[in-house]
Amino acid sequence: MNIKQFILLIRVPSLSATVVPLTIGAALSLHSGIFSSELWLDMFVAALFMQIGTNVFNEHGDYVNSTDRYASHGFAGIIVKGEATPNEVLTVAIIFYILAALLAVPLIIARGLLVLVLGLISAAVGVLYSEGPYPLSRTPLGEIIVGITMGFIEIVATEIVSIGMITISAYIVSVPVSLLVASILIGNNIRDIVKDREAGRRTLSVLLGGGYSRILFYSIIILSYIWLIVIYIYTARTAVLLTFLTLPFSLWALVFLKRKGWKYSVEIASLIYLVYGIALAVTLMIWRL
């Protein structure tokens, strides 16, 4: 496996699903006066390693479960192409999980067993999403479970690590983050709907069909912007409304997707998520507005 294959394997664009919630969690905690930048940085790297491991597990699991039987847009495909063996890919995934676990030790020592529990839940979801005889990715629950894990759980865990407690704001702010993470998976499953049907997968998109799945995808994006009003009402931070400035970009991205086709659905959903998430994090940091 060379460097180019490794970069494809870890799916760099998808790492926004870790960068965004941890940045938002930091933004919520930054003005507390007890924010620990060292523990947050440790968690940030550990979470990145865990997601990289999860991405690699996904490549391995989809191959051994015969979901990926031929090269297609949106995944590395290095096993299908014969560029790496399943065992080599599995080894990479395990190494990254071990590294993430080692980095988590100081966090558990500093903040207690709840960090361990949330970490174990995240790790279990990461592995079971694509591995085992009944992976979550083959069910209609994949989007919901991953959305909660990479939205709600990661933001709450970031607050625990950064300031040692959970605020109500974390629950409120995690809603659009969870929704937009789910939109990435829905976009992926819309793109792969034919392949998933052939493989016997019962994803939400397979059950709903392409038309209703696209409506759901658009609705999630719209709801994430509507929810900004809820965040503003609860936090009383006027600056949060500045996140609406990203709406024209999101609308343009959706128009682009409709014109060019759902082949690019994951890239477009990830871009919307990243732009929205970073804007929300920045506006949450503007404490005085």
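Q: What do buried, partly exposed and exposed mean here?
A: Buried means under 20% relative accessible area, exposed means over 50%, and partly exposed lies in between (1.4 Å probe, protein chains only). This is a predicted model, where local features need pLDDT of at least 70, side-chain atom pairs count only at pLDDT 80 or more, and totals for chains, interfaces and linings use all residues. Residues are numbered from 1 along each chain as its sequence is written, and side-chain values use heavy atoms, leaving out hydrogens and water.

Q: Why does Phe-35 count as partly exposed?
A: Its relative accessibility is 22%.

Q: Where is Phe-35, and what does Phe-35 touch?
A: Phe-35 sits in the loop between helix H2 (16-29) and helix H3 (37-64). Helices here are DSSP runs (H or I, at least four residues), numbered from the N terminus. Not counting residues up to four places away in sequence, Phe-35 touches Ala-26, Ser-29, Leu-30, Trp-40, Ser-162 and Ile-163. Contact means heavy atoms within 4.5 Å. Phe-35 and Ser-162 are 127 residues apart along the chain, yet their C-alpha atoms are separated by 5.2 Å.

Q: Why is Phe-96 called buried?
A: Phe-96 has a relative accessible area of 12%. The limit is under 20%, so Phe-96 is buried. Its place is in helix H4 (residues 86-111). Leaving aside neighbours within four places in sequence, Phe-96 is in contact with Phe-6, Phe-49, Ile-52 and Gly-53.

Q: What makes H6 mostly covered?
A: Of its 22 residues, 18 are buried.

Q: Why is helix H7 called roughly antiparallel to helix H12?
A: The axes of H7 (residues 168-191) and H12 (residues 265-285) come within 8 Å and cross at roughly 170°. Angles over 145 degrees count as roughly antiparallel, so H7 is roughly antiparallel to H12. Axes are lines fitted to C-alpha atoms over the stretch in contact, with angles from 0 to 180 degrees between N-to-C directions.

Notes:
Helix = DSSP H or I, 4+ residues; strand = E, 2+ residues; numbered from the N terminus. Parallel < 35°, antiparallel > 145°, perpendicular 65-115°, else oblique.
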